[in-house]
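Subject: Structure handover

Hello,

Here is the structure I promised to pass on. My notes follow it.

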Amino acid sequence: MYQVKTFNAIADKGLNTFTNDYTINQEKNPDAYLIRSVNLLKVQFPKSLKVIARAGAGVNNIPLKEATDDGIAVFNTPGSNANAVKELVISMMIATSRKVFAAYDYSYQNIHADISKQVEYDKAKFNGTELFGKNILVIGLGNVGSLVANEAVNLGMNVSGYDPYLSADSAWKINNRVHRLTNLYQALKNADYVTIHVPKNKETTGLISTKEIAAMKNNAILFNYSRLGIVDNQAVVDNFNKIQFYCTDFGDDVIANNKKVITTPHIGGSTIEAEDNGAIKAANTIMNFLENGDTVNSINLPSMKLPFNAPYRFTIMHRNVPNMVGQITTFLANAHVNINNMANAAKNEIAYTIIDVDNLNYEKQLLQQMAEIPEVKRARLINHR
Ligand SMILES: NC(=O)c1ccc[n+]([C@@H]2O[C@H](COP(=O)([O-])OP(=O)(O)OC[C@H]3O[C@@H](n4cnc5c(N)ncnc54)[C@H](O)[C@@H]3O)[C@@H](O)[C@H]2O)c1
Ligand SMILES: O=C(O)[C@H](O)COP(=O)(O)O
């Protein structure tokens with residue numbers, strides 16, 4: 001039996017994906033955490049924990065170095081909520097351009113008056129603009145950004161994208177009418193709309209601050225559905241002579257109670273569809289890792305998936321240094337264990353080795369020998385089901 005612990009509300013469809021070999025939130029020695037945005041940065045992980053799956057995109061709530069040092073594989077579910085974010089961003093672009101929030105306030109406040117004639121005079125206050133023909137800059141063209149950029153093309157906008165780390169996979173998804181720009185300041189100059197879809201890390205914290213706002217076009221509208229801190233909120237508040245509106249999923253006291261700020265309570269990925277997608281993907285990720293050692297979509301391990309055709313599989317997470325595979329296979333040879341198939345790959349400082357074997361001898365001793373290699377973070381033995 002494997003034990004799964006959840007911290008956030010996880011969609012039932014995801015929890016129901018687990019087979020009868022899994023218990024959820026019942027025991028004290030979890031093999032897996034299935035989480036959303038819970039902050040784990042200060043949490044001490046139990047020794048039993050082997051995998052953390054984040055249903056969603058952002059992993060800035062997970063201490064990646066500590067998890068890796070503890071031999072824990074970390075995953076997310078790329079793209080599972082991208083469409084939900086795209087729809088929210090596009091709706092906010094339209095709502096701000098058409099002054100929907102101010103118009104709603106007006107109508108709400110005048111609800112008791114006979115306004116049917118008055119509105120025909122007052123509606124001039126809510127004259128808006130259209131997206132068609134306007135310029136938009138999308139910063140970050142991954143799962144969310146690529147969808148936003150393509151939808152903006154569909155809406156007849158002139159779309160530019162800025163992403164110095166664009167992956168080949170993402171590049172394939174992007175409409176060829178999206179212009180790729182390589183200088184952020186040049187890119188900001190002409191955009192009527194600027195929307196940011198990047199992960200939060202050291203480099204992206206404060207990505208949009210005073211200098212970047214100064215480079216923006218007058219009256220531009222800024223969208224941050226990525227994370228608090230990627231946009232410097234103080235710089236935004238200080239520059240509302242330049243920025244028309246700031247729409248964000250991440251409020252704080254600096255931007256509170258400001259009519260030029262439209263804040264939502266981190267609902268970008270909060271649709272039934274996205275929550276189901278993320279939870280189902282995360283549950284499958286956990287099962288594939290625990291039962292097969294697969295690491296597809298891992299954040300801290302190389303992506304590996306090896307057909308499991310032998311009776312037993314060793315998976316070893318270790319530092320990416322010479323002679324690891326040599327030491328491990330020597331232990332197996334000394335125990336007269338025959339290797340059926342194997343693979344090894346590295347991601348930065350960490351490597352992962354999968355060794356399928358035809359027979360087993362002294363398995364406890366073998367696991368102990370592997371685990372005692374100083375560079376090994378975790379060694380596991382999986383029985384084929
Ligand atoms: N509001 C929400 O509920 C919600 C939902 C989903 C994602 N998010 C946030 O949005 C982020 C992006 O999500 P995603 O699914 O598109 O992730 P993703 O990993 O698919 O895409 C991120 C993109 O950002 C690019 N990038 C990284 N650093 C950059 C930089 N300095 N400048 C420009 N581009 C840079 C990467 O190359 C990548 O293409 C997530 O990390 C998360 O923080 C928020
Ligand atoms: O990074 C994400 O996927 C989003 O911010 C959604 O987070 P949530 O699952 O906690 O709503």
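Start with helices H3 (residues 82-97) and H6 (residues 143-154): their axes come within 9 Å and cross at roughly 45°. Axes here are lines fitted to C-alpha atoms, for helices over the stretch in contact, with angles from 0 to 180 degrees between N-to-C directions. Helices (H or I, at least four residues) and strands (E, at least two) are DSSP runs, numbered from the N terminus. The angle therefore makes H3 oblique to H6. Angles under 35 degrees count as roughly parallel, over 145 as roughly antiparallel, 65 to 115 as roughly perpendicular, and the rest as oblique.

This is a predicted model: local features need pLDDT of at least 70, side-chain atom pairs count only at pLDDT 80 or more, and totals for chains, interfaces and linings use all residues. Residues are numbered from 1 along each chain as its sequence is written, while chains are lettered from A and ligands numbered from 1 in the order in which they are written.

The crossing of H3 and H6 is right-handed. On the H3 side, Ala-82, Asn-83, Val-85, Lys-86, Val-89 and Ile-90 take part, and they meet Asn-143, Val-144, Leu-147, Val-148 and Glu-151 of H6. Contact means C-beta atoms, placed from the backbone, within 7 Å. This contact has 7 nonpolar, 2 polar and 2 charged residues. Ala, Val, Leu, Ile, Met, Phe, Trp, Tyr, Cys and Pro count as nonpolar, Asp, Glu, Lys and Arg as charged, and the others, Gly among them, as polar.

Next, the ligands. Ligand 1 is surrounded by 32 residues. Gly-58, Gly-140, Gly-142, Tyr-165 and Gly-268 are the closest. A residue is near a molecule if its C-beta atom, placed from the backbone, lies within 6 Å of it. H3 and H6 each supply at least two residues of this shell, and H6 gives the largest share, 3 residues. By class, the shell around ligand 1 has 14 nonpolar, 13 polar and 5 charged residues. Gly-58 and Gly-268 are among the residues around ligand 2.

Now the domains, with bounds from an automatic or database assignment. They are domain 1 (1-81 + 272-300), domain 2 (82-263) and domain 3 (301-385). Domains 1 and 2 each give at least three residues to the shell around ligand 1. The C-alpha centres of domain 2 and domain 3 lie 48 Å apart.

Best wishes

Key: Left-handed = near helix turned anticlockwise from the far one by under 90°. Contact = placed C-beta atoms within 7 Å.
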